[in-house]
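Please keep the structure open while you read.

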Amino acid sequence: MLRYPSINKLQEKTNSKYSLVVLTAKRARDIVEGKPVLTEEQSERPVSQAAKEIFQDLVTYRESE
């Protein structure tokens, strides 16, 4: 279960829950595939690590037109 950062704080980083889920899943997949972790503190779970990176604005997204 994700406790930090809270889901409410993470939702502020995107325009929808769907965008947040997709962004988190894609970043977690990158971590599993061996791409470098962007924070000094590491989590056991890739989804938690991805959420921390999104919360710290290390991972962002751009809306397509």
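Which residues of α2 are buried? They are Ser19, Leu20, Leu23, Thr24, Arg27, Ala28 and Ile31, where buried means under 20% relative accessible area, exposed over 50% and partly exposed in between, with a 1.4 Å probe and protein chains only.

## About the model

This is a predicted model, in which local features need pLDDT of at least 70, side-chain atom pairs count only at pLDDT 80 or more, and totals for chains, interfaces and linings use all residues. Residues are numbered from 1 along each chain as its sequence is written, and side-chain values use heavy atoms, with hydrogens and water left out.

The buried residues of α2, Ser19, Leu20, Leu23, Thr24, Arg27, Ala28 and Ile31, cover an arc of only 155° around the axis, which puts them on the same side of the helix. The arc is that of the directions from the helix axis to the C-beta atoms. An α-helix has 3.6 residues a turn, so residues three or four places apart point the same way. On the other side of α2, Tyr18, Val21, Lys26 and Val32 are exposed.

Helices here are DSSP runs (H or I, at least four residues), numbered from the N terminus. Helix α2 has 16 residues, 17–32, and should span 22 Å at 1.5 Å a residue; its end C-alpha atoms are 22 Å apart, which agrees. The expected span is 1.5 Å times one less than the number of residues. After α2 comes Gly34, with a positive phi near 105°.

## What covers the buried side

The cover over the buried residues of α2 includes α1 (7–11) and α3 (46–55). Ser19, at 18% relative accessibility, touches Thr14 and Tyr61. Ile31, at 15%, touches Pro46, Gln49, Ala50 and Glu53. The C-alpha atoms of Ile31 and Ala50 are separated by 7.9 Å, although the two residues are 19 apart along the chain.

## The nonpolar core

Leu10, Leu20, Leu23, Ala51, Ile54 and Val59 form the largest nonpolar core, meaning a set of buried Ala, Val, Leu, Ile, Met, Phe, Trp, Tyr and Cys residues joined through side-chain atoms within 4.5 Å. The elements giving two or more residues to this core are α2 and α3. Not counting residues up to four places away in sequence, Ile54 touches Leu10, Lys13, Leu20, Leu23, Thr24 and Val59.

Notes. Contact = heavy atoms within 4.5 Å.
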